[in-house]
Amino acid sequence: MTDATALSGAYRTLLDVIGKVEPRICQAIRDELTDQRASLKLIASENYASLPVLATMGTWLSDKYAEGTIGHRFYAGCQNVDVVESVAAEHARELFGAEYAYAQPHSGIDANLTAYWAILAHHIETPALTEFGSRNVSELSEADWETLRARFGSQRLLGMSLDAGGHLTHGFRPNVSGKMFHQRSYGTNPTTGLLDYDALAAQAAEFKPLVIVAGYSAYPRRIDFAKMREIADSVGAVLMVDMAHFAGLVAGKVFTGNENPVPFAQVVTTTTHKSLRGPRGGLVLATKDYAGDVDRGCPMVLGGPLSHIMAAKAVALAEARTEAFRDYAHRVVDNARALAEGLLKRGGTLVTGGTDNHIVLLDVSSFGLTGRQAESALLDSGIVTNRNSVPNDPNGAWYTSGIRLGTPALTSRGFTTSDMDEVAAMITDVLKKTTPTTTKDGKPGKAKYELAQEVADGSKDRAAKLLDLHPLYPGLTL
Ligand code: PLP
């Protein structure tokens, strides 16, 4: 990461300026750095963006409205935003080898929504719109839309189930993706926990979806995207891959060949802030065929682009094209493997028996705990994780039976495989000494537990030793 010493003075001045307007916000910014520095962050979806990325976001690019596309804006004076968006898209295309890149989505959810609308627009235009003539979607009247809205009900989407590791935006009811489409989900093999391509092919043949979504938030293995495309082609479906979690591993050339979704999917979406280590935001990559439809993200489903964030995406993507980033991405996976091995050798049970990406899914029922109890006990002990369902979770999505662990953030701090073994030891020590307790009326309390203070304190001391070895933004003094 960039040497931060030179930026310390600039940040101190900035914080003083902010503090004069609203001291509570200045304090919250300072406190967040203190907390981030002091926590053993194993949240698989988080990372630490570089100071150049962070600094790029805090600029006057934020003040410009630029609805539209590069060179075709609904506002005057967008020449600098055009540069910003072009550079971000160019880096994204070249880094991922994509035919087309759209840098406007404000988040991963927005990227997926943009992609779904693009796929619908692309496919409804021809043959379903024959009665509307050969008009473009943007030319349809209100009455045409009324007809189309009814039509959307007959479109189908097949995505990975939540408890197998899929995401809410892959067709689940609380998200609009589950309302735009008739949805079904595919799971994993009940014995191995692995994706079952034959079962998926059979399900696709029976369901005949317009879209098959591949990608995950909590699946600790790689996906064969050549097989996924074969399955999609066999039923005439579009393959959309949401690589929000593993984009950094694709960028860093850990996932190559069949494990790289870009050559196989018609549309690929991602966040930019997880393993890719950029600002919070989204991206859509697509084949040329879909480019025109994706380009309508704004104003179709997005507001004006966030120019300062697109600029930070460009900086992060430029960083991701370096040898240093490739080395980082490989270390993320080495660290996840070391964490998994450390947990297994100390009696932990892992979904799928291990990992070959950045995620480790620990089934805490073997410690007699729910995910909620384990998450809280670990937090008391200085270890930040999040509870997560395991396949067919008996405790549901709120209490869960699992803990999701990820290595992108700690690897950014410089943690090594032997540090990850110590982290595994700390996790198992805490969980073995955590006891579930009952509620006042004697029922099993799925959130209640006991953990001796000295165990939690001992773990915090061990965490502090590791964190001191690998300071966050070394040289940055506020
Ligand atoms: N897609 C996947 C696979 C995710 O894991 C997430 C976030 O956790 C998202 C999309 C949504 O990203 P965002 O929070 O940026 O909207």
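Predicted model: local features only at pLDDT ≥ 70, side-chain atom pairs only at ≥ 80, totals over all residues.
1. Start with the largest pocket, which holds about 1000 Å³ of space. It has 31 lining residues, and those closest to its centre are Y11, I29, L54, M57 and Y473.

2. Helices α1 (5–21), α2 (23–38) and α3 (51–57) each supply at least two residues to the lining of the largest pocket. By class, this lining has 20 nonpolar, seven polar and four charged residues.

3. Now the second largest pocket, with a volume of about 600 Å³. Its lining is made of 29 residues, and G166, H167, L168, S217 and R404 lie nearest the centre.

4. Which domains does the lining of the second largest pocket draw on? Domain 1 (60–321) and domain 2 (333–469) each provide at least three residues. Sorted by class, the lining of this pocket has 16 polar, seven nonpolar and six charged residues.

5. Last, have a look at helices α4 (residues 79–96) and α13 (residues 307–320). Their axes come within 8 Å and cross at roughly 35 degrees, and the crossing is left-handed. On the α4 side, the contact includes V81, V84, H91 and F96, while α13 brings in residues including S307, M310, L317 and A320. By class, the contact between α4 and α13 has 13 nonpolar, two polar and one charged residues.

Methods
Residues numbered from 1 in each chain as written. Heavy atoms only, no water. Axes fitted to C-alpha atoms, helices over the stretch in contact; angles between N-to-C directions. Helix = DSSP H or I, 4+ residues; strand = E, 2+ residues; numbered from the N terminus. Left-handed = near helix turned anticlockwise from the far one by under 90°. Contact = heavy atoms within 4.5 Å. Nonpolar A, V, L, I, M, F, W, Y, C, P; charged D, E, K, R; others polar. 1 Å grid on protein atoms, 1.4 Å probe; cavity = no way out; pocket = protein on both sides within 12 Å on 5 of 7 lines; lining within 4 Å. Points joined across faces, edges and corners; volume = space filled by probe spheres on them. Domains from an automatic or database assignment.
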